[in-house]
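Subject: Structure handover

Hello,

Here is the structure I promised to pass on. Please open it first, then read my notes below.

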Amino acid sequence: MYKIIKLQNNNDLNNFYLDITKMKDVRIRIGILVSYYKYKNTNLKNKNHPVFKTIEQNDFSFSVIYRSSTDTYEEILKVKKELEQFYSEKYKDQKPKITQNVLSFS
């Protein structure tokens, strides 16, 4: 069963990444991506993987947006491209939220 996971920056909706997996527990896949991001800072030559842009802000969420048990990998890639277009169009007018950590004791 293929799943498409959407990782999205909570402050910038245009900053998202779609990942395809067959893992039963998608939290494991997210953990692998985060570990890969931490590892890349020290060891990898290719530091421009698209998922790194979403993970580096350290304020992201994820969810399964598509499940299928009958699709081939080629079909799931096609669905992924369609979903990328859909979300790009949906969030194209969104501006990033500017958040500031404010601590006040008054």
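Start with the contacts, meaning heavy atoms within 4.5 Å. Among contacts in the protein with a separation of 6 or more, 63% join residues 24 or more positions apart.

Two notes on the source. This is a predicted model, where local features need pLDDT of at least 70 and side-chain atom pairs count only at pLDDT 80 or more, while totals for chains, interfaces and linings use all residues. Residues are numbered from 1 along each chain as its sequence is written, and side-chain values use heavy atoms, with hydrogens and water left out.

**Layout**

The protein has three helices and three strands. These are DSSP runs numbered from the N terminus: helices are H or I with at least four residues, strands are E with at least two. The pattern along the sequence is β-β-α-α-β-α.

The three strands form an open sheet in the order 2-1-3, with antiparallel pairing. Two strands pair if DSSP finds at least two bridges between them. Strand 2 (16-21) and strand 3 (60-68) are at the edges; each has a single partner strand, so one side of each lacks a neighbour in the sheet. From one strand to the next, the twist averages 20°. Strand 1 and strand 3 are joined by eight bridges in the antiparallel sense. Leu 7 has Phe 62 in strand 3 as its bridge partner.

Helix 3 (residues 73-90) packs on this sheet and touches strand 1, strand 2 and strand 3. Its direction makes about 165° with that of strand 2. Axes here are lines fitted to C-alpha atoms, for helices over the stretch in contact, and angles run from 0 to 180 degrees between N-to-C directions.

**The cores**

Buried residues make up 32% of the 106 residues. Buried means under 20% relative accessible area, exposed over 50%, and partly exposed in between (1.4 Å probe, protein chains only). A nonpolar core is a set of buried Ala, Val, Leu, Ile, Met, Phe, Trp, Tyr and Cys residues joined through side-chain atoms within 4.5 Å.

The largest nonpolar core has 11 residues, including Ile 5, Leu 7, Ile 30 and Phe 52. Helix 1 gives the largest share, five residues. Apart from this core lies another, of 10 residues, among them Tyr 2, Ile 4, Ile 20 and Ile 76.

Ile 30 touches Ile 5, Leu 7, Phe 60 and Phe 62, not counting residues up to four places away in sequence.

**Aromatic pairs**

How many aromatic pairs does the structure hold? There are four. Rings of Phe, Tyr and Trp (its six-membered ring) pair if their centres lie within 6.5 Å; planes under 30 degrees apart count as stacked, over 60 as edge-to-face and the rest as tilted. Phe 16 and Tyr 87 have ring centres 6.0 Å apart and planes at 65°, so this pair is edge-to-face. Phe 16 is in strand 2 and Tyr 87 in helix 3, 71 residues apart. Phe 16 is buried at 17% relative accessibility, and Tyr 87 is buried at 11%.

**Two residues to look up**

Ser 68 is in strand 3. It is buried, at 9% relative accessibility. Lys 97 lies in the segment after helix 3. It is exposed, with a relative accessible area of 56%.

Best wishes
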